[in-house]
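Please read the points below alongside the sequence and the model. They are meant as a colleague's notes on how the two chains are built.

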Amino acid sequence: MAATFHILFFTTCFVLLGILLSARAQTTAAPGSTQLPTTPAASTAAPTTPAPATEAPATQTSFPVNTNVGSCTCDLTRSACDVNCCCDPDCTSQDAQSFSQCLENLYKPDDRLCVQDHIIVFENTQFVSNLESNNLFCIYTDNYPARNYYTGADVVDTEQAFQNLLQTYETTSYSQVDSTATVYEDFYKSGDPVYTVNESGAQGTLGLPKADITSNCLDSSVAGFLQDETTSCTREWDSLADQCETSPSLNANIYYLGLKVARTPALFQSTLPPTTTGTTVTVTAVTTAVMTTANVTVPVSTSQPGNTTADNSTNLFDDPDLVNFTLANITCQDRQGHIVTCGFTGGSVPGPVYNRTSGFCDNMVLSVAYTVTHNGSQGISAVEVSFTLGSVHSTQTSVQQTSAITFNKQDSVAGFRRSGNPGYVVGEPLLAGTLVETTSTTSGEQVRSIEVSSNRNSWLTMLSSTADGSCLSSGDRTPVVFGEDMRSGCLVTVYFNNITSVCTLLQNTITDALQGTNPPTHVAVYGNSQLDAVGDWVEILGDNEPLVQTTGFRTTTCRNVVLGMHIEVLYSNIGALSNPQPKILAVRRRFENPQDITFTCVGTLCQAGGGQTGQQFEVVSSVTFIDASTSPTASLAEYPTIQTQLPFDFFYPFQTSSAVLHLSFKKIIYITAFVIFAVINR
Amino acid sequence: MAARGRQTIILSSLPLQVLYYLNGWYFGFFWIAEALMFVYKGQVLPFPSTNLASEIVLLFLLGIIEVIRLFFGSKGNLTERIISMVVSILLCLPVLFTVLFFLLWQTYVLRAEVILCAILLVFLGLELVLGVAAMVSFARAETFR
């Protein structure tokens with residue numbers, strides 16, 4: 001029994017030893033074998049061509065394996081001393097004394113070796129570097145020196161080998177990547193670009209100009225399918241007189257004329273040219289066809305599915321699967337900015353016209369609104385476009401353009417869009433309205449409910465400015481959206497024409513700009529508060545309008561003008577911590593402290609009389625969202641008190657009685673001395 | 001001697017038994033230290049593929065063989081059994097090679113390993129000499145029985 005055990009272990013032990021030793025031999029031999037010149041091609045070619053002397057390869061400088069190459073990398077000048085290069089053999093000892101430092105690249109091998117073998121190299125210099133690490137866990141015998149050295153830097157002479165190395169080690173490449181072939185789905189998915197075709201048959205996407213970093217319009221922005229969006233950006237010009245009629249972005253016609261929308265992207269599937277993969281398929285098909293003539297037609301017909309159906313000569317613009325734009329409604333503004341009836345008949349929109357006598361550019365596009373009617377995967381069925389045209393005077397250098405796109409499901413009733421369910425969603429407008437009391441027709445009771453505007457962007461609003469910073473006439477205002485702190489300001493210009501007489505008017509204008517017309521009185525607590533559930537609405541706290549009256553003072557000052565309004569929204573998260581639902585606790589409208597505005601003129605403007613010069617005052621409104629969530633606090637039980645007691649004879653040698661801590665001075669000295677002794681001898 | 005009756009003479013070697021006892025304790029320490037050093041080396045040093053694993057396997061094999069060797073050696077010495085001593089002595093050979101491997105041929109030999117393996121080799125050598133001597137004395141006593 002014992003003998004069999006013994007034989008078993010004996011053999012396994014030897015086998016394992018043999019495997020390990022052979023593995024060792026392999027690892028040490030591997031770098032050496034890579035260093036050998038691998039030219040099997042030359043040896044096979046040798047018998048056919050008898051010893052061509054010119055074919056002998058030039059001997060390549062080879063370095064021994066696993067050695068440190070480049071022990072003196074700073075010796076760059078041949079037969080002359082390099083400054084601060086202590087290992088340069090050209091430098092005399094006098095030279096070396098003038099060196100401030102030694103520049104040589106200090107060879108940093110594995111510092112776990114007990115004694116560094118390269119120290120000897122540096123011992124001849126006057127600068128001693130001792131990298132010895134002589135601790136217990138240094139490497140005493142190193143059977144794997146190859147780890148410190150590079151291997152396999154053989155010159156590559158075939159392109160195949162080059163390609164192999166490239167595939168293994170290449171990280172980035174500047175060569176052109178094979179662009180993934182444009183794939184046109186059978187129908188639009190949300191976020192997809194809406195494809196258009198212009199009169200010449202060129203394919204494009206429906207654009208929605210967005211503001212770039214300088215708030216200028218970025219025309220390359222693309223509208224996403226099913227993504228309702230309203231953007232606003234600035235169009236600038238150098239000279240309105242020249243660019244009014246020529247600039248394409250001010251002309252309404254370029255937004256829809258000569259343009260059609262693809263019903264589905266499937267329209268373009270047939271227009272795709274035969275792809276490159278398709279051609280390679282045909283090439284292989286041809287080569288196989290040479291060998292087997294039986295199946296020539298099969299691969300060719302499958303490789304080009306598009307060309308069989310689509311005629312290359314027809315214009316894509318005439319395709320029946322394209323949807324025309326229809327002109328919906330055009331809003332016109334007169335030169336004062338009031339909305340008037342348009343002076344032209346429907347069916348087409350006139351381009352901008354520059355009136356040289358008045359200096360106005362009429363019929364300029366101020367806003368574009370696309371309304372896309374779709375039918376799900378059936379694609380787009382109709383596209384309507386609406387414009388707001390207005391007049392801009394040539395003294396202005398820019399105009400604010402608004403673009404919007406809305407997607408409507410075909411034959412669907414427009415639903416009321418909530419701002420959250422139930423908690424407010426960040427970015428959604430604050431649901432606000434006014435409380436109304438109506439008499440119920442059935443029971444005759446007084447019913448209270450909230451009246452909310454159908455335009456969700458006019459619920460709770462802040463002032464917004466025009467492109468040149470002046471206050472807008474009420475109507476175009478920035479909606480207050482949940483979770484976004486915002487400050488907006490605009491400039492009112494006050495002219496020194498007996499300023500005191502307009503003080504009240506001025507304050508009314510400012511208040512109007514701050515609040516808008518018919519400011520809401522109630523804000524919904526939840527994003528989905530019902531209109532008839534008045535309890536789910538909180539009244540806006542604070543004053544409806546400035547309390548103090550504005551009065552004139554002397555001829556240049558308006559006293560007690562309120563120039564700012566701040567909305568503070570207190571909200572708190574409810575529900576699970578992982579799924580917080582913001583709930584509005586209170587909203588306060590606060591007017592700034594009244595201040596005196598005094599007309600002051602500067603320098604030459606004063607001397608010119610100053611009657612026509614205006615002074616601008618900034619009117620500010622802001623909204624702040626304050627998170628008043630109370631996070632849960634943990635109530636922990638007290639730590640248990642541990643009732644411990646030492647054994648009565650714990651201090652036995654020093655103390656015999658059971659009374660604890662009755663040490664004599666002498667014993668304390670003994671104990672301390674013992675502890676100190678133990679610590680010192682450690 | 002036989003004429004004096006049934007008097008027994010203890011042939012077991014006391015130094016050998018002391019060595020086996022000390023060797024047992026030392027080998028436990030050696031094995032744990034070596035295992036910890038493999039952990040250290042595996043963390044700190046780069047290893048060619050499969051070297052570390054096979055070396056650890058070898059360490060486990062060494063543990064098994066050494067325990068068997070010490071068991072047979074000490075029991076054989078106490079019971080004066082030749083066959084046990086033979087097994088113990090023969091098992092010296094794989095133990096010797098394995099310790100030599102850890103001393104010389106493993107991927108990285110740390111200085112601590114040199115010390116540990118050298119002490120183990122001293123134990124091994126002394127036990128080999130004394131074990132052979134004890135076995136010879138057992139064998140000679142066997143012929144007189």
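Predicted model: local features only at pLDDT ≥ 70, side-chain atom pairs only at ≥ 80, totals over all residues.

1. Residues are numbered from 1 along each chain as its sequence is written, while chains are lettered from A and ligands numbered from 1 in the order in which they are written.

2. Chain A contains 12 helices and 27 strands, where helices (H or I, at least four residues) and strands (E, at least two) are DSSP runs numbered from the N terminus. Of the 682 residues in chain A, 20% are buried; a residue is buried if 20 or more other C-beta atoms, placed from the backbone, lie within 10 Å of its own, exposed if 12 or fewer, and partly exposed in between. Among contacts in chain A with a separation of 6 or more, 64% join residues 24 or more positions apart, a contact being two residues whose C-beta atoms, placed from the backbone, lie within 7 Å.

3. Chain B has 4 helices and 1 strand, and its elements follow the order α-α-α-β-α from the N terminus. Buried residues account for 33% of its 145 residues, and 78% of the contacts in chain B between residues at least 6 apart in sequence join residues at least 24 apart.

4. An unreviewed UniProt entry lists residues 20-40, 52-72, 84-106 and 112-139 of chain B as "transmembrane region"; such annotations may be inferred rather than shown by experiment. In the model, residues 52-72 of chain B are 100% helix and 0% strand, with end C-alpha atoms 30 Å apart, and residues 112-139 of chain B are likewise 100% helix and 0% strand, with end C-alpha atoms 40 Å apart.

5. How do helices α1 (residues 14-44) and α4 (residues 111-144) of chain B cross? Their axes come within 10 Å and cross at roughly 155°, the axes being lines fitted to C-alpha atoms over the stretch in contact, with angles from 0 to 180 degrees between N-to-C directions. That angle makes α1(B) roughly antiparallel to α4(B), the term used for angles over 145 degrees, with under 35 being roughly parallel, 65 to 115 roughly perpendicular and the rest oblique. The contact includes B:Tyr26 and B:Phe30 of α1(B) and B:Leu120 and B:Phe123 of α4(B).

6. Helices α2 (residues 51-79) and α3 (residues 82-105) of chain B have axes that come within 8 Å and cross at roughly 150°, so α2(B) is roughly antiparallel to α3(B). Among the residues that make this contact are B:Leu62 and B:Ile65 of α2(B) and B:Leu91 and B:Val95 of α3(B).

7. A:Thr395 sits in the loop between β12 (380-393) and β13 (398-409) of chain A, and A:Thr395 counts as exposed because it has 8 C-beta neighbours inside 10 Å. A:Thr395 is 36 residues from A:Gly359 in sequence, and their C-alpha atoms are 8.2 Å apart in space.

8. B:Leu121 belongs to helix α4 of chain B and is partly exposed, with 15 other C-beta atoms within 10 Å. The C-alpha atoms of B:Leu121 and B:Val99 are separated by 7.2 Å, although these residues are 22 apart along the chain.
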